[in-house]
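User: I have a model open and want to learn how to read its features. Can you take me through it?

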Amino acid sequence: QVQLVESGGGLVQAGGSLRLSCAASGSIRTINTMGWYRQAPGKQRELVAAITSGGSTNYADAVKGRFTISRDNAKSTVYLQMNSLKPEDTAVYYCNSNLVNYSGYYYNYWGQGTQVTVSS
């Protein structure tokens, strides 16, 4: 069993900041790419940012320069620092991870989601 547990969402005013965390636990041998996705009401889930095990990052154009993804491999945790938040960033944010378990199988897991609401 693998779990991804997110924290750090909440309500913030436009221009403010939030930091999301996602900790992976369970039968994990290797964590490859970790990422954050978001889904606003009535919209499809979209990639926000991703980071490889080597530290290479990828961002959606809408968040470049405002959001920073990072990870602590020793803690199996990925972070998303969100600055200069805008009302259009309001969404449920989901953690996602590609990993290998102790049996050698590759899996993709999702967290339960955390709500981020940005008021204008």
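Analyst: Start with burial. Buried means under 20% relative accessible area, exposed over 50%, partly exposed in between (1.4 Å probe, protein chains only). Of the 120 residues here, 41% count as buried. This is a predicted model: local features need pLDDT of at least 70, side-chain atom pairs count only at pLDDT 80 or more, and totals for chains, interfaces and linings use all residues. Residues are numbered from 1 along each chain as its sequence is written, and side-chain values use heavy atoms, with hydrogens and water left out.

User: Which residues touch the most other members in the largest nonpolar core?

Analyst: A nonpolar core is a set of buried Ala, Val, Leu, Ile, Met, Phe, Trp, Tyr and Cys residues joined through side-chain atoms within 4.5 Å. The largest has 30 residues, and Trp36, Leu80, Met82 and Tyr93 touch the most other members. Strands that each supply at least two of its residues include E1 (2-7), E4 (30-39) and E9.

User: How many helices and strands are there?

Analyst: Both are DSSP runs, numbered from the N terminus: helices (H or I) of at least four residues, strands (E) of at least two. The protein has zero helices and 11 strands.

User: Is Ser97 buried or exposed?

Analyst: Ser97 is at 0% relative accessibility, so it counts as buried. Ser97 sits in strand E9 (residues 91-100).

User: What does Ser97 touch?

Analyst: Contact means heavy atoms within 4.5 Å. Leaving out residues up to four places away in sequence, Ser97 touches Leu4, Ile31, Thr33, Met34, Tyr107, Asn108 and Tyr109.
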